Structure formats: C-alpha cells, structure tokens
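Okay, thanks everyone for coming. Let me put the thing up on the screen, and then I'll walk through a few spots.

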Amino acid sequence: LSSNNALLEFLFQGAPQLTKKVLDSKKEVDVNLKEACTHFITTAATMLSSPIHAFLATLEHSASKVTMEQCRNVVSDTTQRMSNKLPGIKKSMSLYLANSDTEAILFRPIRGQILSQFGSLRKVIEQMDEEDQFIINCPSPEQLTLTLTYN
C-alpha cells in the first residue's frame, strides 16, 4: 500500500478534530485601547516632567546636598518644557480624538502625574529657607492646575 492513500491514513490516524476558538473582538479592542492610552499617558507625562523625574531619581541615589540653583534649574526646565510641549500634545489629542470630553478624560491622569512630580519636588524645596524658595519660584498646585487645564 502506498502512503498516499487517504482512506488508510484516515483509518489509522482517526478523524480530524475540529477545535473551536471564540474571539471576543470587543474585549480585544478594549485591551488594545487601554494599553495604547496607558502608553500615551505615561509618554506624555514623562515628556512634560522628565527634568523633575530625573532630578528626584538622582536625589534618591545620591547623598549630596541639594542646592537652590539645582532646584531652580529643574523648575525652570520643567515649566519651559510644559510651555513648549503641552500645546502640541493637546493639538494631537484634539486631532486624533475629536471629542473634548474624551480628551479631558485622557488628560486627567497626565495632569495628575505632573502634579505628583511637582509635589515631590516641592517637599525638597520646602526644606530650604524662604529666600531660596522664593528664588526657585516653584509653581503652586493651583498655578499648575490652571496651566494643565484641558480646554
């Protein structure tokens, strides 16, 4: 007998098995959308507040004393970065989402992460004397909230 005989192959190997795989396409889309949104939020928040994040990470691993000049530079760099990059982020969100409610919802965690970064930096700055704090000119939470309002 030849090995190409389909009937014999069927008898020896048995009937082919049918497996059923159900994909929930809505769930798959939701998972992908959530991952994309999380990635966007993290990327945008990092882009806007990376000088603070890097500075705070350095403080954790260093025993050196923090200077007023370092803090002033970090605050200045971050506020300038926010002024330069925030309009582009908002424009992209408006272009791709085209729904102001969705844009505001997506922007809320970005604002939260930035406020948190500034809050951590503010704790470092508050350990300095009042004159240094004045020179550093770290924006208050209220000022940051106004700057980071999505409209």
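So, N137: it's exposed, because its relative accessible area is 58% and the cut-offs are under 20% for buried, over 50% for exposed, and partly exposed in between, using a 1.4 Å probe and protein chains only. You'll find N137 in the loop between α5 (130-136) and α6 (141-147). The helix names come from DSSP runs, H or I of at least four residues for helices and E of at least two for strands, numbered from the N terminus. N137 also has a positive phi, near 60°, and it isn't a glycine. Most residues other than glycine have a negative phi.

Quick housekeeping. This is a predicted model, so local features need pLDDT of at least 70 and side-chain atom pairs count only at pLDDT 80 or more, while totals for chains, interfaces and linings use all residues. Residues are numbered from 1 along each chain as its sequence is written, and side-chain values use heavy atoms, with hydrogens and water left out.

Back to phi. A98 is another non-glycine with a positive value, about 50°. That one sits in the loop between α3 and α4, and at 63% relative accessibility A98 is exposed.

Staying in the α5 to α6 loop for a second, S140 is there too, but S140 is partly exposed at 23%. From S140 to N32 you go 108 residues in sequence and 36 Å in space, C-alpha to C-alpha. Moving into α6, we get T145, partly exposed at 33%.

Now, how do α2 and α4 pack? Their angle is about 5°, and the axes are 8 Å apart. Axes here are lines fitted to C-alpha atoms, for helices over the stretch in contact, with angles running from 0 to 180 degrees between N-to-C directions. So α2 and α4 are roughly parallel, given that under 35 degrees counts as roughly parallel, over 145 as roughly antiparallel, 65 to 115 as roughly perpendicular and the rest as oblique. The contact of α2 with α4 has 17 nonpolar, 6 polar and no charged residues. For the classes, Ala, Val, Leu, Ile, Met, Phe, Trp, Tyr, Cys and Pro are nonpolar, Asp, Glu, Lys and Arg are charged, and the others, Gly among them, are polar.

Next, which helices line the largest pocket? At least two lining residues each come from α2 (25-60), α3 (68-97) and α4 (100-125). Among the lining residues are L33, F40, M93, Y96 and I105. By class, that lining has 9 nonpolar, 2 polar and no charged residues. A pocket, on a 1 Å grid over the protein atoms alone, is an open set of points where a 1.4 Å probe fits, with protein on both sides within 12 Å along at least five of seven lines, and lining residues have an atom within 4 Å of a point.

C37 is one of the lining residues, and at 25% C37 is partly exposed. Last bit, on cysteines: how many disulfides? There are 0, a disulfide being a pair of cysteine sulfur atoms within 2.5 Å. For C71, the nearest cysteine sulfur belongs to C138, 8.7 Å away. C71 is buried, at 0% relative accessible area.
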